[in-house]
Amino acid sequence: MSKKVVLLDYGSGNIRSGERALQRVGADVTVTSDYEQALNADGLLVPGVGAFEACMTGLKSVRGDVIVDRRLTGGRPVLGICVGMQILFARGIEHGVETEGCEQWPGTVERLQPQNAEPVPHMGWNTVDVPAGTALFDGIEKERFYFVHSYGVRAWELTGTRESVTPLVTWTTYGEDRFVAAVENGPLSATQFHPEKSGDAGAALLANWVRSL
């Protein structure tokens, strides 16, 4: 039987492309903000496009922060994408405004500082530095993925977390700025890039996640 995945609809973007990408890898996808469906699905995907503050406001409006926390407490998988990854951290700072995140991980989402006259946003394909033991990147460790963002987590402030699992952190570099590209932490995974826009490599990553559910 195919895995049931809820793509959480809380007013953020990239809903339909995410739905199609999950269907492509065999998931049974429901796009909804329904609390019980999101809580009980085999997997929950949290998308995110735009500003950190707006995404957190939308997430809280459907109790998405509670859903994420309850799922993780029960060991039920969650995948965050782009700003859907960023809001899992403790806080975001945009234009001098600090917004509290979901606080699943400590750390700050801040504006990229690429130097070398590289433009912001970071937009386009980039390679990633994958740690040993990864499940998300199994078989695609050398591939490139598609990024579109101006903010990221530039310092990892955590050595151990949920259920004493040591998080696997994937990094990438833009200009001279190094930031978190993905995290695997027990039932909680996230990517700064867009797997649904990353062609065959992104499809393989989503397939790896769906198989793990």
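Let's start with the sheet: seven strands form an open sheet in the order β2-β1-β3-β4-β13-β12-β11, and the pairing is mixed. Keep in mind that what you're looking at is a predicted model. At the edges you'll find β2 (28-32) and β11 (168-174), and each has a single partner strand, so one side of each has no neighbour in the sheet. Going from one strand to the next, the twist averages 25°.

Now zoom in on one pair from that order. Strand β12 (residues 177-185) and strand β13 (residues 188-191) run antiparallel to each other and are joined over 4 bridges.

Next, hop over to S12, which sits in the loop between β1 (4-8) and α1 (15-24). Is S12 buried or exposed? Its relative accessible area is 11%, and since anything under 20% counts as buried, S12 is buried. Its side chain reaches the backbone nitrogen of V49 at 2.8 Å. Leaving aside residues up to four places away in sequence, S12 touches P47, G48, V49 and C55.

How many disulfides does a search of the whole structure find? The count is 0. A disulfide needs two cysteine sulfur atoms within 2.5 Å. For C82, the closest cysteine sulfur is in C55, 8.4 Å away, so that's too far for a bond. C102 also has its closest cysteine sulfur in C55, but at 10 Å, again too far for a bond. Both cysteines are tucked away: C82 is buried at 3% relative accessible area, and C102 counts as buried at 14%.

Terms used: Residues are numbered from 1 along each chain as its sequence is written. This is a predicted model: local features need pLDDT of at least 70, side-chain atom pairs count only at pLDDT 80 or more; totals for chains, interfaces and linings use all residues. Side-chain values use heavy atoms; hydrogens and water are left out. Two strands pair if DSSP finds at least two bridges between them. Helices (H or I, at least four residues) and strands (E, at least two) are DSSP runs, numbered from the N terminus. Axes are lines fitted to C-alpha atoms, for helices over the stretch in contact, and angles run from 0 to 180 degrees between N-to-C directions. Buried means under 20% relative accessible area, exposed over 50%, partly exposed in between (1.4 Å probe, protein chains only). A polar contact is a pair of N or O atoms within 3.5 Å; within protein, one must be able to donate a hydrogen and the other to accept it, and residues adjacent in sequence count only if both atoms are side-chain atoms. Contact means heavy atoms within 4.5 Å.
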